[in-house]
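I opened a new notebook page for this one and went through it piece by piece. Here is what I looked up, in the order I looked.

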Amino acid sequence: MLDALVRGLKRRDRRSLARLISIAARGESIAELVAQLGAPPKSARVIALTGAGGVGKSTLTGKLIEMLRAKEQSVAVLACDPQSPITGGALLGDRFRMPMRPDDAGVYIRSLAAPSGRQAVAQHLDTITLVCEHFGFDYILVETVGAGQGDTAVRDVADAVVLLLQPETGDDLQWEKAGVLEVVDMIVVHKADLPGAERTIHQLQMMLEMAGQTSLPVFPVSSRSGAGLDDLVAALERVRPRERVRSAAQRRLWEAVQAELLQRWKRLETDGAIAALCTQPQWQAAVSEAVEKLCSSTKRKN
Amino acid sequence: MSESSSAPIRVVLAKVGLDGHDRGIKVVARALRDAGMHVIYAGLWQTLEAVVTTVADEDADWLGLSLLSGAHMTLVPRLMELLRAADLAHVQVMVGGIIPEADVSKLTDLGVARVFGPGTPMTDIVGFIRERSGAAHA
């Protein structure tokens, strides 16, 4: 079943895309899926939007969809909303703030539930973005649940993290708190048409100066008037898809584990069967699974 | 850490056309969420085409449509047609709202799983979805 869906995905079949995201989100056969997918034909720009609830992440995402489509760039949106730690239920209500483009094959919006806890994004988001990359999207916009502080897990899957702030949300000391400012690549002061926006921008710039973070770009943006959107999109266009932290670390571990196992096996090897085994997808899936397990247990210890 | 063995049921809830009364659908959304389902709230004033795209992209198991406009006999037949055309015949459809008694069987004949009128206890809706999903997944 999995290989039929992967073939469908590579044919750009949307049903296969939707089904594979469900499978990845449930954490089913991740290793097998990753092994079957292989490397994507081209990298997407993965942009995460984070910030407190109500700051306008979905609204801005909606505007970005329209701007990027006008440039003929295809966009996948992965909108994460919190899941109840008690019932496991979730109300995923981001997509209704985004434009409805039912006939536009270049836009895909998917709502995902994020478990409560430190992460502000859905589990297995790295695999989900990989699935989207194989479909061929130019941009993947990840909307976090909007915890605001300390939600640094997005960094591992995104090429750039955009923090949204709005006027009149706490004084500059709020931003001094450790966490999200340390991992963002750009800041949007959203709702910049509201009174107090200039003061917020000024305070923010002073703070960044003191912190020696003057290279961190700040964009005043109003989704209502459209002001500042062009500059933001231009900045997103300059984002280079980079080696994603987690997958790079995993790859190193993968290679190390494989080499180590090979060495041990080689002592037993008699007829080259072991070397042949290493090219088998089942073997590779087993190694991936071991790596996945090791990675998550190290993460937990930290 | 621990993955629940059974995947949460994914339900899209939407309102189509010029019907701005969304209290009912929000009450249902909350009840289904509290029952452990993943509810994708697609909101007001949707077109049927947009709803079908949402159901497809969200890989939903259920679609709940709230209709208080009296246009159900125009909208529902077209919806069922669009779902079939999009290869989404496996998605179960429920309708809530103001539906005259005489039209209920017409809707179920079209393939609607169930019509829920005003005053339906939330436990009925939750129970119905669970029961039907259990049968479909088995």
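**Entry 1: a strand pair in chain A**

I began with strand 1 (residues 45-50) of chain A and checked its link to strand 5 (residues 139-143) of chain A: the two pair in the parallel sense over five bridges. Picking one residue to look across from, I found that Leu49(A) stands opposite Glu143(A) in strand 5 of chain A. A note to myself before going on: this is a predicted model.

**Entry 2: the whole sheet**

Next I wanted the sheet around that pair. In what order do the strands of the open sheet in chain A come? I read the order as 4-2-5-1-6-7-8, seven strands with parallel pairing. At the edges I found strand 4 (107-114) and strand 8 (218-220) of chain A. Each has a single partner strand, so one side of each is left without a neighbour in the sheet.

**Entry 3: helix 5 of chain A**

Is helix 5 (residues 125-135) of chain A largely enclosed or largely open? I counted 10 of its 11 residues as buried, so helix 5 of chain A is largely enclosed by the rest of the structure. The buried ones include Leu125(A), Ile128(A), Leu130(A), Val131(A) and Phe135(A). I noted that Glu133(A) and His134(A) are buried in this helix as well.

Then I asked what covers the buried residues of helix 5 of chain A. Strand 1 and strand 5 of chain A, the pair from my first entry, are among the covering elements. Others I wrote down are helix 1 (2-10), helix 2 (14-25), helix 3 (30-37) and strand 2 (75-82) of chain A. Just after helix 5 of chain A comes Gly136(A), and I jotted down its positive phi of about 105°.

**Entry 4: chain A overall**

Of its 302 residues, 40% count as buried. I looked at contacts in chain A between residues at least 6 apart in sequence, and 76% of them join residues at least 24 apart.

**Entry 5: over to chain B**

Chain B has five helices and five strands. What order do the elements of chain B follow from the N terminus on? I got β-α-β-α-β-α-β-α-β-α.

I checked the size next. For 138 residues, a compact globule would have a radius of gyration near 14 Å, and chain B agrees with that because its own value is 14 Å. Along the principal axes, the C-alpha atoms of chain B fill a box of roughly 45 × 35 × 25 Å. Buried residues come to 43% of the 138 in chain B. For contacts in chain B between residues at least 6 apart in sequence, I have 72% joining residues at least 24 apart.

**Entry 6: two helices of chain B**

I lined up helix 3 (residues 72-85) and helix 4 (residues 101-109) of chain B: they pack at an angle of about 10°, with their axes 10 Å apart. That makes helix 3 of chain B roughly parallel to helix 4 of chain B. The residues that meet are His72(B), Met73(B) and Val76(B) from helix 3 of chain B and Asp103(B), Lys106(B) and Leu107(B) from helix 4 of chain B. By class, this contact has three nonpolar, one polar and two charged residues.

**Entry 7: where the chains touch**

How many residues of chain B are in contact with chain A? I have 27 residues of chain B against 24 residues of chain A. Helix 1 (23-34), strand 2 (38-46) and helix 2 of chain B each supply at least two residues of the side that touches chain A. Strand 2 of chain B gives the most, with seven residues. That side of chain B has 11 nonpolar, eight polar and eight charged residues.

I followed strand 2 of chain B across the boundary: three bridges join it to strand 3 (residues 90-92) of chain A, and the two run parallel. Here Leu92(A) stands opposite Ile40(B) in strand 2 of chain B.

**Entry 8: one residue at the boundary**

My last stop was Ala50(B), which is found in helix 2 (residues 48-57) of chain B. Buried or exposed? I put Ala50(B) down as buried, because 21 other C-beta atoms lie within 10 Å. Leaving aside its neighbours within four places in sequence, Ala50(B) is in contact with Met100(A) and Pro102(A). I also checked Ala50(B) against Asp87(B), 37 residues apart along the chain, and their C-alpha atoms are separated by 15 Å.

Technical notes:
Residues numbered from 1 in each chain as written. Chains lettered and ligands numbered in written order. Predicted model: local features only at pLDDT ≥ 70, side-chain atom pairs only at ≥ 80, totals over all residues. Helix = DSSP H or I, 4+ residues; strand = E, 2+ residues; numbered from the N terminus. Buried ≥ 20, exposed ≤ 12 C-beta atoms within 10 Å, placed from the backbone. Contact = placed C-beta atoms within 7 Å. Axes fitted to C-alpha atoms, helices over the stretch in contact; angles between N-to-C directions. Parallel < 35°, antiparallel > 145°, perpendicular 65-115°, else oblique. Nonpolar A, V, L, I, M, F, W, Y, C, P; charged D, E, K, R; others polar. Pairing = 2+ DSSP bridges. Rg over C-alpha atoms; globule rule 2.2 N^0.38 Å.
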